[in-house]
Amino acid sequence: MEPGTLADGTWADDPAGGDPGSGEPPAKLARQNGSPGGQAPGAGSRPEDPGGEPAGGQGLAEAGSEVAEDGGQEPEWEEEYYLPGYEFLGPPKLLTGAWGEYSSMLENFLKGCKWAPDGSCLLTNSADNTLRIYNLPPELYGQEWGAVAEMSPVLRMAEGDTVYDYCWFPLMSSADPPTCFFASSSRDNPVHVWDAFHGDLRATFRSYNHLDELTAAHSLCFTPDGSQLFCGFDKTVRVFDTERPGRVCESRPTFVKKQGQSGIISCIAFSPLQPLYACASYSRTVGLYSRAEGAPLAMLQGHQGGVTHALFAPDGTRLYTGGRKDPEILCWDLRHPGQVLFSMHRTVATNQRLYFDLEPSGRFLLSGTTEGLVSVWDTDQPPTGDTEPVLEPALQFQALRDCVNGISLHPSLPLLASASGQREFPEPWDSGEEDVEGGPGPPQRPARGHNCLQLWWCGESREPDPAPPAP
């Protein structure tokens with residue numbers, strides 16, 4: 001079966017209509033015969049055509065017949081409109097979020113969030129080992145909207161233990177249900193593939209060690225064309241064919257004869273243009289490998305803590321990496337592997353994975369901190385300093401008074417999704433102070449953190465009006 005097809009033979013079309021490896025979405029969308037230019041809502045509800053036209057491109061076929069009757073004239077298109085772009089001239093506006101969903105359980109903090117490739121829904125992970133899918137608020141599909149209601153998940157997928165990693169199928173499109181799925185890995189469990197329409201388990205990918213014992217993957221990443229699933233283990237990467245679930249896989253050791261990249265592979269990222277991928281490790285290194293054979297190409301060193309996240313720029317010339325208990329995000333120049341172009345400072349005081357993300361053009365990079373601050377860097381601006389260049393934030397705003405661990409930017413709308421929360425520990429207590437009447441007792445459990453999902457508007461001013469003005 002050719003790459004780009006699924007097990008049932010269905011073609012996995014690129015939702016953007018372009019090169020699957022390209023990181024840039026179309027700059028504008030056009031509407032024909034009154035039909036909407038964007039994708040329909042996906043997870044949890046079947047896509048519907050508000051314009052009343054048949055799905056699957058039949059509107060274009062009808063337009064083609066009209067062209068033939070008119071003697072070869074081009075189809076008449078309505079006025080084109082541009083999708084709003086990201087603007088960070090000031091702090092973004094909070095639109096809505098999910099608070100009640102994570103307040104029923106103590107310390108149910110979030111562990112990141114990820115927009116679907118077509119932007120129709122949002123996937124989150126939390127401390128209760130449950131993956132949740134939220135639809136894009138329906139109010140945002142209109143040209144004008146008022147107050148946006150609090151978000152509620154449309155699907156919940158419970159894992160058996162701590163979730164290590166999760167990722168979307170890169171060609172996911174809500175208009176094509178067979179492509180709507182994602183993969184997740186949890187402790188002592190195989191890799192699960194979940195249906196994003198119904199929440200059912202579609203398939204499993206199982207890896208075994210030399211004792212034929214099941215081992216869990218610590219990181220997951222699909223290839224840009226969706227044909228393979230790369231899984232990170234201790235000093236090893238295993239490659240599965242997406243169309244063939246089970247235990248058959250290719251093993252690619254990263255550490256052989258005391259040489260190479262040691263440690264657990266904590267993150268895998270693919271270059272959008274070059275046939276290579278990056279493996280981040282808790283051993284504070286980042287390795288570059290060829291996609292075809294997994295041959296090592298370069299080893300990047302310079303982090304102070306274990307590397308937990310890696311992200312390629314859309315043009316493929318830069319690689320951004322960040323780690324746990326590491327105050328820097330490093331920008332590597334892949335034209336000269338091993339050279340750091342500049343660093344960006346953030347506060348990471350725990351071992352928690354703190355995500356960062358690039359907006360589709362690759363200009364702005366956003367990251368949260370353990371103190372609830374969100375920083376925005378303009379990567380087109382020159383850094384300061386000669387020996388150790390540092391890029392200063394173009395904007396900083398206080399999202400809340402808790403750790404912001406998840407950052408995800410919408411692929412086509414100026415929407416920022418942020419996830420927050422962290423494990424809270426009571427302060428130590430000296431039992432020798434308790435025998436005095438009226439003396440201090442054991443310390444109270446800390447107040448609940450701000451465990452929530454938030455949605456921010458980062459475009460031109462479009463602040464919703466919560467209520468009509470009084471007459």
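How many disulfides does the structure hold? The count is zero. This is a predicted model.

**Cysteines**

- A disulfide needs two cysteine sulfur atoms within 2.5 Å.
- Cys221 has its closest cysteine sulfur in Cys167, at 6.1 Å, which is too far for a bond.
- Cys221 is buried, at 15% relative accessible area.
- For Cys231, the closest cysteine sulfur belongs to Cys249, and the 8.1 Å between the sulfurs is too far for a bond.
- Cys231 is also buried, with 0% relative accessibility.

**Sheet S20-S21-S22-S23**

- Strands pair in a sheet through backbone hydrogen bonds, in a parallel or an antiparallel sense.
- This open sheet has four strands in the order S20-S21-S22-S23, with antiparallel pairing.
- Strand S20 (265–270) and strand S23 (296–301) are the edges, each pairing on one side only.
- From one strand to the next, the twist averages 20 degrees.
- S20 pairs with strand S21 (residues 276–281) over five bridges, in the antiparallel sense.
- Within that pairing, Ile268 has Cys279 in S21 as its bridge partner.
- S20 and S21 make a hairpin, with five residues between them.
- S21 and S22 run antiparallel and are joined by five bridges.
- Tyr277 faces its counterpart Tyr289 in S22, the two standing opposite each other.
- The hairpin of S21 and S22 has three residues between the strands, and Arg284 there takes a positive phi near 75 degrees.
- Strand S22 (residues 285–290) pairs with S23 in the antiparallel sense, again over five bridges.
- Gly287 stands opposite Met299 in S23.
- S22 and S23 form a hairpin with five residues between them, where Gly294 in the turn has a positive phi of about 80 degrees.

**Burial of S21**

- How many of the six residues of S21 are buried? Six of six are, so the strand is mostly covered in the sense of being under 20% relative accessible area.
- In a regular strand, side chains alternate between the two faces of the sheet.
- S21 is covered on both faces.
- One side carries Leu276, Ala278 and Ala280, and the other carries Tyr277, Cys279 and Ser281; all of these are buried.

- Five bridges link S32 to strand S33 (residues 415–420) in the antiparallel sense.
- Ser408 stands opposite Ala417 in S33.

**Second largest pocket**

- The volume of the second largest pocket is about 650 Å³.
- Its lining counts 22 residues, and those closest to its centre are Lys111, Thr162, Asn351, Gln352 and Arg353.
- Strand S8 (residues 163–168) gives the largest share of the lining, with four residues.
- The lining of this pocket is made up of nine polar, seven nonpolar and six charged residues.

**Loop residues with positive phi**

- Lys257 has a phi near 55 degrees, a positive value in a residue other than glycine.
- Lys257 lies in the loop between strand S18 (255–256) and strand S19 (259–260).
- Is Lys257 buried or exposed? Lys257 is exposed, at 77% relative accessible area.
- Lys258 is found in the loop between S18 and S19.
- For Lys258, phi is near 60 degrees, also positive in a residue other than glycine.
- Lys258 is exposed, with a relative accessible area of 77%.

**Pro117**

- Pro117 sits in the loop between strand S4 (110–115) and strand S5 (121–126).
- Pro117 counts as partly exposed, at 27% relative accessibility.
- Pro117 and Trp168 are 51 residues apart along the chain, and 7.3 Å separates their C-alpha atoms.

How values were computed. Residues are numbered from 1 along each chain as its sequence is written. This is a predicted model: local features need pLDDT of at least 70, side-chain atom pairs count only at pLDDT 80 or more; totals for chains, interfaces and linings use all residues. Side-chain values use heavy atoms; hydrogens and water are left out. Buried means under 20% relative accessible area, exposed over 50%, partly exposed in between (1.4 Å probe, protein chains only). On a 1 Å grid over the protein atoms alone, a cavity is a set of points where a 1.4 Å probe fits but cannot get out, and a pocket is an open set with protein on both sides within 12 Å along at least five of seven lines; lining residues have an atom within 4 Å of a point. Grid points are joined across faces, edges and corners, and a volume is the space filled by probe spheres set on the points. Ala, Val, Leu, Ile, Met, Phe, Trp, Tyr, Cys and Pro count as nonpolar, Asp, Glu, Lys and Arg as charged, and the others, Gly among them, as polar. Two strands pair if DSSP finds at least two bridges between them. Axes are lines fitted to C-alpha atoms, for helices over the stretch in contact, and angles run from 0 to 180 degrees between N-to-C directions.
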